[in-house]
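Here are my notes on this model, point by point. Please read them with the coordinates open.

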Amino acid sequence: MNEVLAELTKVLEERKQKGEPDSSYVASLHHKGLNKILEKVGEEATETIIAAKDAERSGRTDLLVCETADLWFHSMVMLSHLGSGPQEVLDELARRFNLSGLEEKASRLDKK
């Protein structure tokens, strides 16, 4: 599974650095800036929520999987734009193993 994320990260970085906004969707997002990228993340999050509600009614998750892929993709573009990547997210998820979700959330609130 990490191979897919690693390969996508590589492609996203190449498009960020060398892509032309006229011929690369990722390059065009970076060119338009963080606000446009965040708009896309929000749009995809909303579409994922709607697909989840539809999946609950229909029992079919194919559209939910597609919308989640779009959300992950745009989240990765956001991370890339800000100089981060999926490895940091995976590391954070690994750190949370054997840690109560309530404890983890409380520790983040203490840091604010």
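1. Fold order. From the N terminus on, the elements run α-α-α-α-α-α. The protein has six helices and zero strands. Helices (H or I, at least four residues) and strands (E, at least two) are DSSP runs, numbered from the N terminus.

2. Ground rules. This is a predicted model: local features need pLDDT of at least 70, side-chain atom pairs count only at pLDDT 80 or more, and totals for chains, interfaces and linings use all residues. Residues are numbered from 1 along each chain as its sequence is written, and side-chain values use heavy atoms, with hydrogens and water left out.

3. Overall dimensions. The C-alpha trace spans about 45 × 40 × 30 Å along its principal axes. The protein exposes about 8100 Å², with areas taken from the Shrake-Rupley method with a 1.4 Å probe, and for residues only the protein chains shown count as cover.

4. Of the 112 residues, 23% are buried. Buried means under 20% relative accessible area, exposed over 50%, and partly exposed in between (1.4 Å probe, protein chains only). Take the contacts (heavy atoms within 4.5 Å) with a separation of 6 or more: residues 24 or more positions apart account for 53% of them.

5. H1 against H4. The axes of helix H1 (residues 2–18) and helix H4 (residues 62–81) come within 10 Å and cross at roughly 55 degrees. That makes H1 oblique to H4. Axes are lines fitted to C-alpha atoms, for helices over the stretch in contact, and angles run from 0 to 180 degrees between N-to-C directions. Angles under 35 degrees count as roughly parallel, over 145 as roughly antiparallel, 65 to 115 as roughly perpendicular and the rest as oblique. The crossing of H1 and H4 is right-handed, meaning that the near helix is turned clockwise from the far one by less than a right angle.

6. Who meets whom there. From H1 come Leu 5, Leu 8, Thr 9, Leu 12, Glu 13 and Lys 16; they meet Phe 73, Met 76, Val 77, Ser 80 and His 81 of H4. The residues of this contact divide into six nonpolar, three polar and two charged. Ala, Val, Leu, Ile, Met, Phe, Trp, Tyr, Cys and Pro count as nonpolar, Asp, Glu, Lys and Arg as charged, and the others, Gly among them, as polar. An α-helix has 3.6 residues a turn, so residues three or four places apart point the same way.

7. H2 against H3. Helix H2 (residues 25–32) and H3 have axes that come within 5 Å and cross at roughly 120 degrees. H2 and H3 are therefore oblique to each other. Tyr 25, Leu 29, His 30 and Lys 32 of H2 make the contact with Lys 36, Ile 37 and Lys 40 of H3. Its residues divide into three nonpolar, one polar and three charged.

8. The inside of H2. Which residues of H2 are buried? They are Val 26, Ala 27, Ser 28, Leu 29 and His 30. These buried residues pack against H1, H3 and H4. Just after H2, Gly 33 takes a positive phi of about 100 degrees.

9. Two loop residues. Thr 61 is in the loop between helix H3 (34–58) and H4. Thr 61 is partly exposed, with a relative accessible area of 44%. Asn 98 lies in the loop between helix H5 (86–95) and helix H6 (101–111). Asn 98 counts as exposed, at 85% relative accessibility. Check its backbone: Asn 98 has a positive phi of about 60 degrees although it is not a glycine.
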